Structures are given as C-alpha cells and as structure tokens.
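Here's a walk through a few local features, from a loop residue to helix packing, charged pairs and rings. Have the model open as you read.

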Amino acid sequence: MALDQETLDQLIDTVQRFVQERLIPNERKVEELNDIPPDIMQEMKDLGLFGLTIPEEFGGMGLGMEEEVRVINEIGRAHGSFRSAFATTIGIGSQGIVIDGTDEQKQKYLPRMATGECIGSFALTEPDSGSDAASLRTHAKKDGDDYIINGSKRYITNATRAGVFTVMVRSNPDEKGAAGITAFLVEAGTKGLSIAKPDEKLGHHGTLTSDVNFDDVRVHKSAIVGGEEGMGFKTAMKVLDRGRLHIAAGSCGAANRLIDECLNYAIDRKQFGQPIADFQLVQGMLADSKTELYAAWCMVLDAAQRRDKGERITVEASCAKYYATEMVGRVADRAVQIFGGAGYITDYPIERFYRDVRLYRLYEGTSQIQQLIIARDMIKKAREKAGM
Ligand code: COS
C-alpha cells in the first residue's frame, strides 16, 4: 500500500464526491459533445487522477493495485469515458515505462504523465491482428542508431489526445511470433505518424479511438522500452495483467451504479398499486445483480492484493476480468428490464450503460481470450503435475 488507511479513505471520499457532484451531472454533456468537457478534464488533472499509479518519485501517487481498483470502482460509477480519458495514462500507456522502462525513459515521460500534460496511449491492435497479438505486422527496420517504423494500428484509445504512444512493433522480420516484437515510445508529432479521425462507436461516446498510421517514422534506439529488442510482447502482456484488473474494477463500479439506479427506480415506481420493488420477480433480479457484483468484487480485490504481494496474477486477472465484465453485462440487461420502457430511452442513464459496458467484454482481451489464458494455465499445470 502506498497510502496509509486514513489517506486512502480521504482519497476515496474525494473521488466519491467528485463522481457525484461533477461527473454524473456532466454525463449527458459527454454524450452531446462526444468528448470530455474541457473543465472536467482539467479538474481530473488537478485531482491527480492522471498520476494515480505513477510512482511518487515521478510526481504521481504511486498507488498499489488494491488502491487503484478501489479508486476505479468509484470512478466506474460515472460515464465510462471519464475513466477512459485518464485510464490509458495511468495504465496501458504508462505501465510499460514503469515496469520495464529505462531510468531515462521514466525521467522523460512519467512526470509529465502524472500531471496529465502528456497523455499516454498504447498501440498493440492492428487491422489484421487483434486477439492474436503476437501476429502483428507493423515493423521497424534498423538504420544506424535509428529504426524506421511502418504499419498501422487500430482502435487506439486516446490517440488524438496522446503525447506518447507505446507501440508494439516487429523489429525482427525472421521471428514471426512474440519474440520478434519490440515496444517503442513514439511521440505524437513525429514525422510520418498520422492519426485518423476518431471512430464512430456503439457506446463510450467521448472516448476517442482512432487508427494510428506509421509511414517511415524514424525513432532513435533510445525509444525502445527498456532498451532491449524483442521484449515488447512480454512488456505488453505484463501491462495487460494490470489493465485487465483495472477494467474489472471499472465493471464493478458500473454495476454498483446500475444497482443503485434500479433500487431507486423500483422503490419509486408503482404498478398494480404498489412499488415494483415489492414484487418478488423484481427482487429476484435485484438479488442476482447484488450477488454477482459481490462475487466479482471479491475476485478483483483478491487478485489485486496478490499482485501487491508480488505474485504473478495473469490467471487471476483474466478470471476477474472475464467474470466482472460478463457480470456487468447481465446487471445492465436486468436494469433495462427493471426500468422497462424507461430503460430504453435516453432520459435515463440505463440505455447508455447497457451500450457502454458491452465494450468491457471486448477490449484488453475478449472474454474468449481470458478463457483461453485461464484454461491454458490449468492444462499446463496439470500436465506438469502428471510429469507429461
Ligand atoms: N506476463 C509476462 N510474460 C508473459 C505474459 C504475462 N502476462 N503472457 C505471456 N507472456 C510471455 C510468455 O511467457 C512467452 O514467453 P516465452 O516465449 O519466453 O515463454 C511469451 O510472452 C509469449 O506468450 P504466449 O506463448 O502465451 O503468446 P501467444 O501468442 O500464445 O498469445 C495471448 C497469448 C492470446 C494471451 C495474447 O496474444 C493476448 O493476450 N491476446 C489478446 C490481446 C489483447 O488483449 N488485445 C487487446 C488490445 S489492448 S486494448
């Protein structure tokens, strides 16, 4: 734990108030603008949200995993795009540098990331490489002390806002798998780097994702994360271990909000002469949502605590992400059911959550990729045990 209990409680309390007083009242504005209102973006920076996980020596709060999931659980109550605006900077866009970066890279980027001045973005996915991340084709050719990068990345969150991208690139054309991949830090504005117009999406309006194209982009070898070629895939996977728990925590936050919305509505709404909360079929839905949320949150906390103890939590992060993101999908579906027609119109936040939480089962590894990671590890261990 980076913070003592009292300081953590104060942080959670501040975030809760910020969510209630600033983020939730501005949710509709995010939908209207398809962007985060500039004053809210500034307030998120002032609160230190862009530095939550950046080590203290570089100006951040240096939160451990448990502390991070507790904060993200609160932020997750609001429109998902508020979280997403700073999530790449505290997560997949900075953690490669935090975990594997050189001292020089940490000094160069982390202090500006912690203040939100430099937004971090993570570029792994490509038009022909999604779940099979190790098959990526964006490539780098060595030219003296430089590398020249060519290729294209897809669905890159915060690309238009980014100051620096962690880009996974094939630096060894003879090595078709994970071992040929190197992570480079490429700054926005570098000649040859272009960002396409943001994608139009089912949900998460206000989160801007785009293609990022590399056309003879020249970077110095000092831009290699950690300075060593061929380590990029492992860096990406380590970053995703943490990122998947973050998404699981955000899913729990969204489920918490949905359940509160359902309770308020069910107590208020009367049919057949009584509040619908008094009908057992509605109670069944409320109870199922509460139970599944409790299970997901226990998984998230356990995995986070294990990571803070130094355990490798690849499997636990996948279990938590898989369960929590599927759980919030079911909770959102029940919420639409409890709200009835009101759950389908934009006057209430339910239809938006229903669309937004669908994304959680896709990014940072689909549910099927999580299943694959979990089962592969089970089978490997069973074979080892059997001496096979
Ligand atoms: N931490 C550290 N190292 C890891 C790791 C982790 N979590 N996961 C894998 N590695 C290492 C492996 O140990 C292996 O190293 P060795 O070759 O030294 O043994 C190497 O990385 C390759 O791993 P693996 O063989 O498991 O790679 P696969 O190509 O089979 O792919 C999956 C593994 C499917 C898990 C990976 O491609 C994946 O996560 N896909 C989904 C991608 C994703 O989440 N995309 C979302 C985009 S980001 S929003």
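Lys 197 sits in the loop between strand E6 (193–195) and strand E7 (209–220); strands here are DSSP runs of E with at least two residues, helices are runs of H or I with at least four, and both are numbered from the N terminus. Lys 197 is exposed, with a relative accessible area of 64%. For that label, exposed means over 50% relative accessible area, buried under 20%, and partly exposed in between, using a 1.4 Å probe and protein chains only. Leaving out residues up to four places away in sequence, Lys 197 touches Thr 209 and Ser 210, where contact means heavy atoms within 4.5 Å. Thr 157 lies 40 residues from Lys 197 in sequence and 12 Å away in space, C-alpha to C-alpha.

A word on where this comes from: the model is predicted, local features need pLDDT of at least 70, side-chain atom pairs count only at pLDDT 80 or more, and totals for chains, interfaces and linings use all residues. Residues are numbered from 1 along each chain as its sequence is written, and side-chain values use heavy atoms, with hydrogens and water left out.

Now for helix packing. How do helices H4 and H8 cross? The axes of H4 (residues 65–75) and H8 (residues 232–268) come within 7 Å and cross at roughly 35°. These axes are lines fitted to C-alpha atoms over the stretch in contact, with angles running from 0 to 180 degrees between N-to-C directions. The crossing of H4 past H8 is right-handed, that is, the near helix is turned clockwise from the far one by less than a right angle. On the H4 side the contact is made by Met 65, Glu 68, Val 69, Ile 72 and Asn 73, while H8 brings residues including Arg 242, Leu 245, His 246 and Ala 249. By class, that contact has six nonpolar, five polar and two charged residues. Nonpolar covers Ala, Val, Leu, Ile, Met, Phe, Trp, Tyr, Cys and Pro; charged covers Asp, Glu, Lys and Arg; the others, Gly among them, are polar.

On to charges. The count comes to 28 salt bridges, each being a side-chain nitrogen of Lys or Arg within 4 Å of a carboxyl oxygen of Asp or Glu. Here are some of them.

| Pair | N to O distance |
|---|---|
| Glu 68 and Arg 242 | 2.8 Å |
| Arg 257 and Glu 261 | 2.8 Å |
| Asp 377 and Lys 381 | 2.8 Å |

Glu 68 in H4 and Arg 242 in H8 are 174 residues apart, so to speak a link between distant parts of the chain. Both Glu 68 and Arg 242 are buried. Arg 257 and Glu 261, by contrast, both lie in H8, four residues apart, about one turn of the helix. Arg 257 is buried at 4% relative accessible area. Asp 377 and Lys 381 are also four residues apart, about one helical turn, in helix H12 (residues 367–385). Asp 377 is partly exposed, at 21%. Shared partners join Glu 27, Arg 257, Glu 261, Arg 352 and Asp 356 into one salt-bridge network.

Lastly, the rings. A search of the whole structure finds seven aromatic pairs, with rings of Phe, Tyr and Trp (its six-membered ring) pairing if their centres lie within 6.5 Å. Phe 272 and Phe 279 have ring centres 6.0 Å apart and planes at 85°, so the pair is edge-to-face; that label needs planes over 60 degrees apart, with under 30 counted as stacked and the rest as tilted. Phe 272 is exposed at 76% relative accessibility, whereas Phe 279 is partly exposed at 26%. Ring pairs also link Tyr 265, Phe 339 and Tyr 348 into a cluster.
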